[in-house]
Amino acid sequence: MNEIILMKLGELVLKGLNRRSFEDKLISNAMRRLRPHGAFRVYSKQSTMYVEPRDDSCDMDGAWEAMKKLFGVVGLSRARACGKDKHEMLETAKTYLCDQLMAARSFKVEAKRADKSFPMTSIQLAQYVGGELHDAFPHLTADMHHPDLTVHLEVRDYAAFVHADPEPGAGGLPVGIGGRAVSLLSGGIDSPVASWMIAKRGIALEMVHFYSYPYTSPEAKDKVIELARLITPWCGKLTVHVVPFTKIQEELRRACPEELFTLLMRRFMMRIALRVADRVKAGAIVTGESLGQVASQTMEAMRLTGAVCDLPVLRPVVGMDKEEIVRIARKIGTFETSILPYEDCCTVFTPRHPRLRPLPGEIEEAEAVLDIDALVQEAYDGIERIQVNMSEA
């Protein structure tokens with residue numbers, strides 16, 4: 001029988017009457033991620049999802065890497081299917097796991113008998129296969145507590161499966177099950193991490209980037225598109241809404257106090273993000289703000305920037321320090337791109353002495369000299385929408 005991928009479901013199994021919809025969304029997401037790697041059959045049974053190649057042309061290595069980034073899966077194993085017979089399971093373990101058995105110094109066998117018609121108990125099956133493997137690989141010692149290798153035997157409805165220790169999955173919930181959000185994507189370290197964290201909670205994303213040509217270079221825009229490309233294996237296909245922001249920043253610099261510039265700029269970003277959210281039917285705005293990291297990320301500043309937004313503002317990294325954020329950025333593969341030396345619009349127009357705690361009414365007074373609706377509409381009308389598909393990832 002062919003090699004398959006077994007995937008263990010996480011939070012989904014706790015969803016009660018809604019569980020079927022979560023599993024359907026997970027299967028749908030898996031099928032899309034697997035499409036570039038061949039024709040696969042994907043189905044769920046007994047809290048396990050099965051990924052079976054339909055023919056020998058399937059790219060199992062590519063499928064494996066794709067499934068490791070599938071939100072909703074807590075653990076996964078490459079397994080070999082065989083008949084529900086103790087001798088077949090033993091022979092499959094000897095051949096399929098031969099390299100791992102040869103490399104290990106200690107081992108144990110764990111068996112699960114989901115098919116209760118199988119004539120041996122789980123303990124009996126594990127003892128039989130464990131004893132025979134010890135005879136076949138005499139360098140191995142049995143260790144029930146901390147083995148180098150655990151041989152797993154699963155007797156299920158349709159077949160038995162043999163595999164080694166499962167690898168951790170991406171966890172979380174299937175992307176899209178929780179709705180849609182608009183995520184502000186800069187060229188920095190924090191916003192890709194924030195986007196990844198929200199996608200992990202089952203939210204499909206639309207990305208918004210604010211671009212200030214000629215103050216920021218085409219390379220800065222390319223960098224952001226690359227960051228979006230790097231998170232598509234986790235989040236699925238993305239649309240990046242590139243907003244022309246130069247006119248707004250020039251108006252702010254011309255007409256408003258410099259020390260308020262960053263807060264005023266952030267309020268415009270939120271207004272434009274709201275327009276995008278309305279267009280794509282999103283239910284929240286996502287930012288990469290971390291409390292106290294810069295002047296625009298104090299509690300007072302967050303209150304003022306959020307005041308123009310009537311949708312929830314989700315800030316998944318708000319309580320994290322930079323080291324924690326960097327650790328995730330390295331894990332998801334965005335760090336090296338984020339630190340490329342191309343400035344974004346936030347860094348180009350940074351005031352020398354930003355106001356940390358504006359006085360009541362000060363922001364509204366500064367905005368009174370601006371035609372806010374016209375500036376927002378002009379920027380919104382000029383949006384360039386760039387699709388980043390899974391095939392590009």
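Val318 is partly exposed, with a relative accessible area of 30%; here buried means under 20% relative accessible area, exposed over 50% and partly exposed in between, with a 1.4 Å probe and protein chains only. This residue sits in the loop between β14 (313-314) and α11 (322-332), where helices (H or I, at least four residues) and strands (E, at least two) are DSSP runs numbered from the N terminus. Together with Leu291 and Met299, Val318 makes a nonpolar surface patch of about 280 Å². Patches are made of residues with over 30% relative accessible area and no salt bridge, with like charges joined within 9 Å and nonpolar side chains (Val, Leu, Ile, Met, Phe, Trp, Tyr) within 5 Å. A salt bridge, in turn, is a side-chain nitrogen of Lys or Arg within 4 Å of a carboxyl oxygen of Asp or Glu. Accessible areas come from the Shrake-Rupley method with a 1.4 Å probe, and for residues only the protein chains shown count as cover.

The model is a predicted one, in which local features need pLDDT of at least 70 and side-chain atom pairs count only at pLDDT 80 or more, while totals for chains, interfaces and linings use all residues. Residues are numbered from 1 along each chain as its sequence is written, and side-chain values use heavy atoms, leaving out hydrogens and water.

The secondary structure comes to 15 helices and 15 strands, and the C-alpha trace spans about 85 × 40 × 35 Å along its principal axes. Of the 393 residues, 54% count as buried. The chain exposes about 18,000 Å², of which carbon and sulfur atoms supply 52%. Among contacts with a separation of 6 or more, 78% join residues 24 or more positions apart; a contact means heavy atoms within 4.5 Å.

Over residues 61-166 the chain is 37% helix and 29% strand, and the end C-alpha atoms are 15 Å apart. Lys108 belongs to strand β5 (residues 106-113) and counts as buried because its relative accessibility is 14%. Beyond residues up to four places away in sequence, Lys108 touches Asp143, Met144, Pro147, Leu149, Thr150 and Val151. Thr150 belongs to strand β7 (residues 149-155) and is likewise buried, at a relative accessible area of 7%. With neighbours within four places in sequence left aside, the contacts of Thr150 are Lys108, Glu110, His163, Ala164 and Asp165.

Phe210 lies in strand β11 (residues 204-211) and counts as buried because its relative accessible area is 4%. Gln297, by contrast, is found in a loop, between β13 (285-286) and α10 (299-306), and is buried with a relative accessible area of 10%. Apart from residues up to four places away in sequence, Gln297 touches Glu289, Ser290, Leu291, Gly292 and Met302. The side chain of Gln297 also reaches the backbone nitrogen of Ser290 at 2.8 Å.

Setting aside residues up to four places away in sequence, Val240 touches Met207, His209, Ile225, Ala228, Glu384, Arg385, Ile386 and Val388. Val240 and Arg180 are 60 residues apart in sequence and 14 Å apart in space, C-alpha to C-alpha.

Two backbone details complete the description. The peptide bond from Tyr213 to Pro214 is cis, with omega near 10°, and Pro214 is found in the loop between β11 and α7 (218-235). Lys281 has a positive phi of about 60° although it is not a glycine. Lys281 lies in the loop between α9 (261-280) and β13, and counts as exposed because its relative accessibility is 72%.

Notes: A polar contact is a pair of N or O atoms within 3.5 Å; within protein, one must be able to donate a hydrogen and the other to accept it, and residues adjacent in sequence count only if both atoms are side-chain atoms.
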